[in-house]
Amino acid sequence: MRSPLPDYMTEVLEACSEEDGGELAAYIPELARADPTRLALALATPDGTRYAVGDADVRFTIQSISKPFAYALALVDHGLDAVLERVGVEPSGEAFNEISLDPSSNRPLNPMINAGAITVHSLLDADRVAAGFAAFAGRDLEVDERVCASELEAADRNHAIAYMLRNHGIVDADPHAIVEGYTRQCSLLVDVADLAVMAATLANAGTNPVTGERVVARWVARQTLSVMTTCGMYDAAGDWFTTVGIPAKSGVSGGLIGALPGKGGFAALSPRLDRHGNSTRGVQIFERLSADMGMHLMEVPPAARPLRHGHESADRDDDGSRESIYELQGSVDFVGMERLLVELEREDDDEREIVLDLARVHEVRDVGRRMLLEAARRLGLDGHAVTFVDPDDMLEIGDADAIDVGDGPEARVVREREVREHEG
């Protein structure tokens with residue numbers, strides 16, 4: 001069977017193709033010569049599947065879409081506190097190339113505007129940018145030298161920003177060298193499939209879903225996505241989030257990415273820009289995707305349900321003792337564990353074996369693990385024997401056959417077990 005998803009994506013492009021508002025980025029001569037009819041859309045899923053339709057083979061310069069990825073690399077290399085000393089995280093409410101700093105701290109307001117992005121770039125060298133961006137995209141990226149040269153000829157405003165940063169002690173290196181390096185970063189060539197994979201890497205908690213490489217730590221991906229949510233669409237960030245609700249970043253070559261945590265990365269191309277510097281048709285495409293697919297981060301999910309329903313087994317031994325089986329699934333996190341604890345509280349005083357089966361669990365968060373072990377300890381104190389069925393070592397205990405849960409008896413660990421359904 002051929003997947004219908006590309007057909008749906010093509011339908012979205014066709015529905016948005018009539019939008020002809022906006023203008024090319026005329027202040028950069030090479031970008032002013034772009035074909036305004038170009039239109040493409042790509043999706044990369046958490047399992048590494050990629051879909052791309054429209055002018056998906058057209059390569060264009062990444063421009064400001066490079067900003068969140070450079071920010072993520074700087075966080076890896078220097079840590080959050082060191083980066084925050086130089087760049088804040090507050091929305092600016094100003095144009096992306098405004099020559100301004102936070103009056104209370106003399107820092108750029110955030111890393112998504114030019115002042116912040118130039119500061120972030122000063123924390124990286126050319127090799128780090130090349131290697132880091134290649135890891136995000138899953139392939140080496142080349143610089144479009146013609147676009148780079150064209151941008152440098154029109155870089156007076158960025159040079160002014162860099163000198164302002166140098167004057168306030170935010171950057172230390174030569175302003176011309178920083179702007180040249182930043183411009184080369186913005187001139188890397190990508191297509192929509194590359195951008196979808198890069199966005200999906202952030203959405204996948206920092207792991208490239210195609211290559212399987214851990215590119216950045218989970219906390220770095222979270223921090224980057226948070227700043228994209230509040231600042232990625234410049235002075236249109238409020239309108240974007242209320243209508244689309246996806247962490248995003250735009251670029252003046254017409255690219256636009258969205259990274260939906262746990263769901264995947266999206267990328268669109270359409271060169272004409274609105275007054276905020278965002279792709280006009282790109283914004284319309286994402287509005288359609290969000291509405292059709294329920295992708296808004298603030299879309300209210302169903303009420304939390306238990307990790308999995310528990311049941312009582314048939315007689316286990318000659319003495320008639322019984323066991324309660326709880327088959328867990330999905331992610332063992334705070335919300336799921338809270339619902340499970342409610343069920344465990346209902347265990348009566350009749351001493352029995354409690355079986356916690358993790359065979360269908362794909363992730364155990366730290367808080368979930370601590371809650372699970374504390375539950376085992378308290379069940380032990382109440383006289384229940386506890387057994388964990390953990391064939392994939394989700395509790396990360398290695399080859400041990402028991403877990404010391406503190407005051408209660410050790411919890412037994414088995415690697416494989418056929419869980420019997422309760423009959424009658």
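Reply: Ala 42 stands opposite Ala 267 in β7. Helix α1 (residues 5-16) packs on this sheet and touches β1 and β2. The direction of α1 makes about 35 degrees with that of β2. Keep in mind that this is a predicted model.

Me: What makes β1 and β7 a pair of strands?

Reply: Two strands pair if there are at least two bridges between them. β1 and strand β7 (residues 264-269) have five bridges, so they count as paired. Their pairing is antiparallel. In β7, Phe 266 is the bridge partner of Leu 43.

Me: Why are β2 and β5 called edge strands?

Reply: Look at the order of the open sheet: β2-β1-β7-β6-β5, five strands with antiparallel pairing. β2 and β5 (248-250) each have a single partner strand, so one side of each is left without a neighbour in the sheet. On average, neighbouring strands of this sheet are turned by 10 degrees against each other, direction ignored.

Me: Why is β1 described as largely enclosed?

Reply: Five of the five residues of β1 are buried, so the rest of the structure largely encloses this strand. Buried means under 20% relative accessible area. Ala 40, Ala 42 and Ala 44 point one way from β1, while Leu 41 and Leu 43 point the other way. In a regular strand, side chains alternate between the two faces of the sheet.

Me: Now the charged residues. Why is the contact of Asp 35 with Arg 38 called a salt bridge?

Reply: Side chains of opposite charge can pair when their charged atoms come close. The cut-off is within 4 Å, from a side-chain nitrogen of Lys or Arg to a carboxyl oxygen of Asp or Glu. For Asp 35 and Arg 38, the closest N and O atoms are 3.8 Å apart, so the pair qualifies. By this rule the count comes to 20 salt bridges.

Me: Which parts does the salt bridge of Asp 55 with Arg 38 tie together?

Reply: The closest N and O atoms of Asp 55 and Arg 38 are 3.8 Å apart. Asp 55 lies in the loop between β2 (50-54) and β3 (60-61), and Arg 38 in the loop between α2 (29-32) and β1 (40-44), so the pair ties together parts 17 residues apart in sequence.

Me: How do you know whether Glu 363 is buried or exposed?

Reply: Its relative accessible area is 19%, which is under 20%, so Glu 363 is buried. Arg 218, at 41%, is partly exposed. These two residues form a salt bridge, with the closest N and O atoms 3.2 Å apart. The pair links distant parts of the chain: Glu 363 is in strand β10 (residues 353-364) and Arg 218 in helix α11 (residues 218-231), 145 residues apart.

Terms used
Residues are numbered from 1 along each chain as its sequence is written. This is a predicted model: local features need pLDDT of at least 70, side-chain atom pairs count only at pLDDT 80 or more; totals for chains, interfaces and linings use all residues. Side-chain values use heavy atoms; hydrogens and water are left out. Helices (H or I, at least four residues) and strands (E, at least two) are DSSP runs, numbered from the N terminus. Buried means under 20% relative accessible area, exposed over 50%, partly exposed in between (1.4 Å probe, protein chains only). Axes are lines fitted to C-alpha atoms, for helices over the stretch in contact, and angles run from 0 to 180 degrees between N-to-C directions. Contact means heavy atoms within 4.5 Å.
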